[in-house]
Amino acid sequence: MPTSSVPGESRFSTWLKEKNFGKQAIGAFKTGLAAVLCVWLGNLLGLEHSYWAAVSAIVVMAYDTTLTFASCWDRIIGTAIGAFLGWATCYVWHGHYLLYGLSVALCLFVCSALAFDKAGRLAAVALSIIVLVKIDGGPAQAAIARFLEVGLGIVVALAVTLLVFPPRSAKLQVNAAT
């Protein structure tokens, strides 16, 4: 039967520490906050589909700041490539499923060729939304709107990551600068 290493410490508190629930709770809170801020700001800015900003923030937020930054970079690159290829696909697609499949494959290939392997799936998702979801205003407006929505989600995710319960190293840098 395992015992706690500190006298008087309960198994429950030992288990909580082992699972690092404090850090996980902060990460969950920050992600929820980022999602709410995205929807609120998106609506304030007049974005028709501000929920995509919230989805983007949720996707890129991680418990580790380095992972969040890497996810943000992959998301913005993938969305830019997917939005452009989705816009171009709309002009030639005309409901041909084979062409859609080739466009998805092209997203993956382009991202891989540019050494953005992790962004490929995100590019294919952006392309799919632009090609398959009919948005008033046409493909160019859909591509721009998609990029702006994702961009808002990324900016909010980065701001929340750095400003709300900032990582210890960020606190030290801020204190050292003042």
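## Isoleucine 58 and its contacts

Isoleucine 58 touches Thr31 and Ala35, not counting residues up to four places away in sequence; a contact here means heavy atoms within 4.5 Å. The residue belongs to helix α3, where helices (H or I, at least four residues) and strands (E, at least two) are DSSP runs, numbered from the N terminus. With a relative accessible area of 45%, isoleucine 58 is partly exposed. On this scale, buried means under 20% relative accessible area, exposed over 50%, and partly exposed in between, for a 1.4 Å probe and protein chains only. The C-alpha atoms of isoleucine 58 and glycine 32 are separated by 7.7 Å, although the two residues lie 26 residues apart along the chain.

## Basis of the model

This is a predicted model, in which local features need pLDDT of at least 70 and side-chain atom pairs count only at pLDDT 80 or more, while totals for chains, interfaces and linings use all residues. Residues are numbered from 1 along each chain as its sequence is written, and side-chain values use heavy atoms, with hydrogens and water left out.

## Overall architecture

The protein chain has eight helices and zero strands. Of its 178 residues, 37% count as buried. Among contacts between residues at least 6 apart in sequence, 68% join residues at least 24 apart.

The accessible surface of the chain comes to about 10800 Å², and 70% of this area belongs to carbon and sulfur atoms. Accessible areas come from the Shrake-Rupley method with a 1.4 Å probe; for residues, only the protein chains shown count as cover.

## The buried face of helix α3

Helix α3 spans residues 51-60, and its buried residues are Ala53, Ala54, Ser56, Ala57 and Val60. Seen down the axis of α3, these buried residues fall within an arc of 160°, so they line one face of the helix. The arc is that of the directions from the helix axis to the C-beta atoms. The cover over the buried residues of α3 includes α2 (21-44), α4 and α7 (138-163).

## Cysteines

The structure holds zero disulfides, a disulfide being a pair of cysteine sulfur atoms within 2.5 Å. For cysteine 111, the closest cysteine sulfur is that of cysteine 107, at 6.3 Å, which is too far for a bond. Cysteine 111 is buried, with a relative accessible area of 0%. Cysteine 38 is likewise buried, with a relative accessible area of 0%.

The C-alpha atoms of cysteine 111 and arginine 121, ten residues apart along the chain, are separated by 8.9 Å. Arginine 121 lies in helix α6 (residues 120-132) and is exposed, at a relative accessible area of 62%.

## A nonpolar surface patch

Phe84, Trp87, Tyr91 and Val92 make a nonpolar surface patch of about 420 Å². Patches are made of residues with over 30% relative accessible area and no salt bridge; like charges are joined within 9 Å, and nonpolar side chains (Val, Leu, Ile, Met, Phe, Trp, Tyr) within 5 Å. A salt bridge is a side-chain nitrogen of Lys or Arg within 4 Å of a carboxyl oxygen of Asp or Glu. Tyrosine 91 sits in the loop between α4 (65-90) and α5 (97-113) and counts as partly exposed, at 47% relative accessibility.

## Positive phi angles in loops

Alanine 115 is not a glycine, yet has a positive phi of about 65°. Its place is in the loop between α5 and α6, where alanine 115 counts as exposed at 63% relative accessibility. Phenylalanine 165, also not a glycine, has a positive phi of about 45°. This residue is found in the loop between α7 and α8 (168-177).
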